[in-house]
Structure formats: C-alpha cells, structure tokens
Amino acid sequence: MSYSGSCLCGKVRFRVNTDIHTMYHCHCSLCRKQSGTAANAASLVNLQYFQWISGQSSISYYQKETGFRSHFCQRCGSPVPNPVSTTSLIWIPLGLLESAPKIQKKLSFCLNTKVDWADENKVNEQYTELPEFEKLISYFDH
C-alpha cells in the first residue's frame, strides 16, 4: 500500500510507501499549538518508506530551545512531515494524506494536559505523559 499526501496548497507533496496501521493523538501544549487543534493526529514511519515528490525547497521550520521542531509549507503554513530527532523515523501528519489508512491501533498521549473541550477518542492505549521513546517506537511497525 502507498499513500500520497500534500500540504493545503499542494506545493509540498510526498508519498508513504508502506501500510500505516498505528496512529496517535498527542494532547501536549506544543502539539496543540503546532496543529491548531485539541491534539495532533499523526503516525511515524521509517524513512526508507518515505519519499518527497515535490516542494522540499518550500519547507521552513521553527525549532524551540527544547529541540521541538515544527516543519511547515512556506506558502500555506500546513505542517508537513519531518524527521524525529536523530532516529530513522519521520513524523506524518495524517490529515495530509489523500486517502485514509486502515488504522488498527490508536494511541493517545499527554492526557494530563488535554483541554476540557477536546472530544474523547476511542483508543487502544493511553498515557498521561509521552511514553519512553523505546516504548513509543515499538508501536510503529516500520
């Protein structure tokens, strides 16, 4: 299976060349600000399954002193995929995909900072904070 994705204006385009079975919502304040919603909806895939199609030169990023990075299209401001620190994983905002993956496992992180107005999501696993990195990546097949 493969999934095509793009930013709002279509300048930044990419493809994920593997199935996406696991997704997460993160309710931390950084993810809320980065997504403009109650929680981001994303997945992680190995870089070997990810391909930029166009628009890489149109991507800018902001990095906090803590290391948190937000990559976005310079034209429309949509968040776009970006590498997860020094790993071989890339963060995929699921709302950018042209077709919906068949999600089998749903995770929810940072519930200790979830806003009161956020809807409850039916999940398989939930954490009051972000799980340890090794635990986190164990949920993603690739």
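Is Ser85 buried or exposed, and at what relative accessibility? Ser85 counts as exposed, at 60% relative accessibility. The close-up views below come from a predicted model.

**View 1. Ser85 sits in a loop and has a positive phi.** The loop that holds Ser85 lies between β8 (82-83) and β9 (89-93). Phi of Ser85 is near 35°. That is a positive value in a residue other than glycine. Most residues other than glycine have a negative phi. Exposed means over 50% relative accessible area, so Ser85, at 60%, passes the cut-off.

**View 2. Cys110 is a buried loop residue with a positive phi.** Find Cys110 in the loop between β10 (105-109) and β11 (125-126). Its phi is about 55°, although Cys110 is not a glycine. Is Cys110 buried or exposed? Its relative accessibility is 10%. Buried means under 20%, so Cys110 counts as buried.

**View 3. Three strands form an open sheet.** The order is β1-β2-β5, and the pairing is antiparallel. Which strands stand at the edges? They are β1 (3-6) and β5 (50-54). Each has a single partner strand, so one side of each is left without a neighbour in the sheet. From one strand to the next, the twist averages 25°. In a regular strand, side chains alternate between the two faces of the sheet.

**View 4. β1 and β2 are joined by bridges.** Strand β2 covers residues 13-16. How many bridges join β1 to β2? There are four, and the two strands run antiparallel.

**View 5. Thr22 is a buried residue of strand β3.** Strand β3 spans residues 22-26. Thr22 has a relative accessible area of 5%. The cut-off for buried is under 20%, so Thr22 is buried. Where does the side chain of Thr22 reach? It reaches the backbone oxygen of Tyr139, at 2.9 Å. Beyond its neighbours within four places in sequence, Thr22 is in contact with several residues, including Ser43, Ile103 and Lys105. Leu107, Tyr139 and Phe140 are also among its contacts.

**View 6. β4 pairs with β3 and with β9.** Start with β3 and β4. Three bridges join them, and they run antiparallel. Here His25 stands opposite Ala41 in β4. Now turn to β4 and β9. This pair is also antiparallel, over five bridges. Ala42 has Pro93 in β9 as its bridge partner. How many residues of β4 are buried? Six of its seven residues are, so β4 is mostly covered.

**View 7. The largest pocket is lined by 25 residues.** Rolling a probe the size of a water molecule over the atoms shows where empty space is left. The volume of the largest pocket is about 630 Å³. Which residues lie nearest its centre? They are Tyr24, Phe68, Arg69, Val84 and Leu130. Several elements give two or more residues to the lining. Among them are β3, β4 (40-46), β7 (69-73) and β8. The helices α1 (29-35) and α2 (133-138) also belong to this group. With three residues, α1 gives the most to the lining.

Terms used: Residues numbered from 1 in each chain as written. Predicted model: local features only at pLDDT ≥ 70, side-chain atom pairs only at ≥ 80, totals over all residues. Heavy atoms only, no water. Pairing = 2+ DSSP bridges. Axes fitted to C-alpha atoms, helices over the stretch in contact; angles between N-to-C directions. Buried < 20%, exposed > 50% of the residue type's maximum accessible area, 1.4 Å probe, protein only. Polar contact = N/O pair within 3.5 Å; in protein donor to acceptor, adjacent residues only side chain to side chain. Contact = heavy atoms within 4.5 Å. 1 Å grid on protein atoms, 1.4 Å probe; cavity = no way out; pocket = protein on both sides within 12 Å on 5 of 7 lines; lining within 4 Å. Points joined across faces, edges and corners; volume = space filled by probe spheres on them.
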